[in-house]
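Subject: Structure handover

Hello,

Here is the structure I said I would pass on. Please look through it first; my notes on what was found follow below.

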Amino acid sequence: MRIYFEQITEDGKKFSLSKSFSVDDTEYIVDVFEGLIYPAGEGFLLDAKLKLRINDNCDRCLERFEEAFEERVTVEIVKRDNEAEESVELTDEDVGFYIVEESAVDLDHILMQESVLLRPFKRVCSEECRGICSGCGANLNVETCKCKPDVDDRWKALADFMQKDKNK
Ligand SMILES: [Zn+2]
Ligand SMILES: [Zn+2]
């Protein structure tokens with residue numbers, strides 16, 4: 001969805017869209033991206049609610065899982081004219097920047113950029129996720145480790161040994 005700057009009045013222009021896209025193995029399902037773009041200083045400010053689900057693999061157990069996020073997103077849209085090219089200063093770390101060189105802003109692009117930024121660096125399906133066994137590769141959330149019987153056998157051998165010793 002493109003919004004032309006000439007469509008944006010002093011009161012701002014409302015928008016609402018949804019979109020799904022993938023980056024590598026990560027799926028982003030944006031259910032709600034709605035808000036307002038209004039003139040601010042030399043450019044525009046976008047203020048929106050972003051509701052999405054991120055679907056990818058857990059870093060610990062490698063299983064696919066989905067997590068929901070909801071975030072208020074503020075993006076400053078800066079029009080770049082040739083003279084002011086080098087002087088875009090980041091003043092507020094919480095406010096995203098989006099620089100356009102045309103007469104319109106592509107909301108899909110902002111939606112994608114902000115969605116990808118929301119993805120946590122570490123993706124864990126749950127704080128309690130027990131991951132996979134480095135020995136046998138068993139998913140410890142759903143099955144018991146296949147390395148265990150070996151340990152049990154050893155204990156059993158020792159128990160048998162003790163038993164034999166006692167019977168002497
Ligand atoms: Zn997991
Ligand atoms: Zn194991």
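A residue is called buried here if its relative accessible area is under 20%, exposed if it is over 50%, and partly exposed in between. By that rule, 32% of the 168 residues of the protein chain count as buried. Please keep in mind throughout that this is a predicted model.

Overall make-up

The protein chain has two helices and seven strands. Along the sequence they follow the pattern β-β-β-β-β-β-β-α-α. Among contacts with a separation of 6 or more, 51% are between residues 24 or more positions apart.

The sheet

Five strands make up an open sheet with mixed pairing, in the order E2-E3-E4-E5-E6. Strand E2 (13-23) and strand E6 (96-100) are the edge strands; each has a single partner strand, so one side of each has no neighbour in the sheet. On average, neighbouring strands of this sheet are turned by 25° against each other, direction ignored.

Going across the sheet from E2, the pairings are as follows.

- E2 and E3 run antiparallel and are joined by ten bridges. Lysine 13 has isoleucine 37 in E3 opposite to it. The two strands form a hairpin with two residues between them, and aspartate 24 in the turn has a positive phi of about 55°.
- E3 and E4 also run antiparallel, joined by 13 bridges. Tyrosine 28 has isoleucine 54 in E4 as its bridge partner. This hairpin too has two residues between the strands, and glycine 41 takes a positive phi near 60° there.
- E4 (residues 43-57) and E5 (residues 64-79) pair in the antiparallel sense over 14 bridges. Here lysine 51 has glutamate 70 in E5 as its bridge partner.

Helix H1 (residues 107-118) packs on this sheet and touches E2, strand E3 (26-40), E4, E5 and E6. The direction of H1 makes about 60° with that of E2.

The zinc sites

The model holds a zinc ion (ligand 1) coordinated by the SG atoms of Cys58, Cys61, Cys125 and Cys129, at 2.3 to 2.4 Å. What is the arrangement of the four donor atoms around this ion? They subtend angles of 104 to 113°, which makes the arrangement tetrahedral. In sequence, the donor residues of ligand 1 are spaced C-x2-C-x63-C-x3-C. Cysteine 61 lies in the loop between E4 and E5, while cysteine 125 lies in the loop between H1 and helix H2 (148-167), so this pair ties together parts that are 64 residues apart in sequence. Is cysteine 61 buried or exposed? Its relative accessible area is 5%, so cysteine 61 is buried. Cysteine 125, with a relative accessible area of 33%, is partly exposed.

A zinc ion (ligand 2) has the SG atoms of Cys133, Cys136, Cys145 and Cys147 as its protein donors, lying 2.1 to 2.4 Å from it. The site of ligand 2 is tetrahedral, with angles of 105 to 113° among its four donor atoms. The donor residues of ligand 2 are spaced C-x2-C-x8-C-x1-C in sequence. Cysteine 145 has 13% relative accessibility and so counts as buried. Cysteine 147, at 25% relative accessibility, counts as partly exposed.

Arginine 130

One residue in the loop between H1 and H2 is arginine 130. Its relative accessibility is 60%, so arginine 130 counts as exposed. Which residues is arginine 130 in contact with, leaving aside its neighbours within four places in sequence? They are Leu140 and Asn141. Arginine 130 and asparagine 141 are eleven residues apart along the chain, and their C-alpha atoms are separated by 5.8 Å.

That covers the notes for the handover.

Regards

Definitions and conventions
Residues are numbered from 1 along each chain as its sequence is written. Chains are lettered from A and ligands numbered from 1 in the order in which they are written. This is a predicted model: local features need pLDDT of at least 70, side-chain atom pairs count only at pLDDT 80 or more; totals for chains, interfaces and linings use all residues. Side-chain values use heavy atoms; hydrogens and water are left out. Two strands pair if DSSP finds at least two bridges between them. Helices (H or I, at least four residues) and strands (E, at least two) are DSSP runs, numbered from the N terminus. Axes are lines fitted to C-alpha atoms, for helices over the stretch in contact, and angles run from 0 to 180 degrees between N-to-C directions. Contact means heavy atoms within 4.5 Å. Donors are N, O and S atoms within 2.8 Å of the metal (3.2 Å for Na, K and Ca); water is not among the atoms, so sites may look incomplete. Four donors count as tetrahedral if all angles lie between 85 and 135 degrees; four count as square planar and six as octahedral if opposite donors are over 155 degrees apart and all others between 65 and 115; anything else is irregular. Buried means under 20% relative accessible area, exposed over 50%, partly exposed in between (1.4 Å probe, protein chains only).
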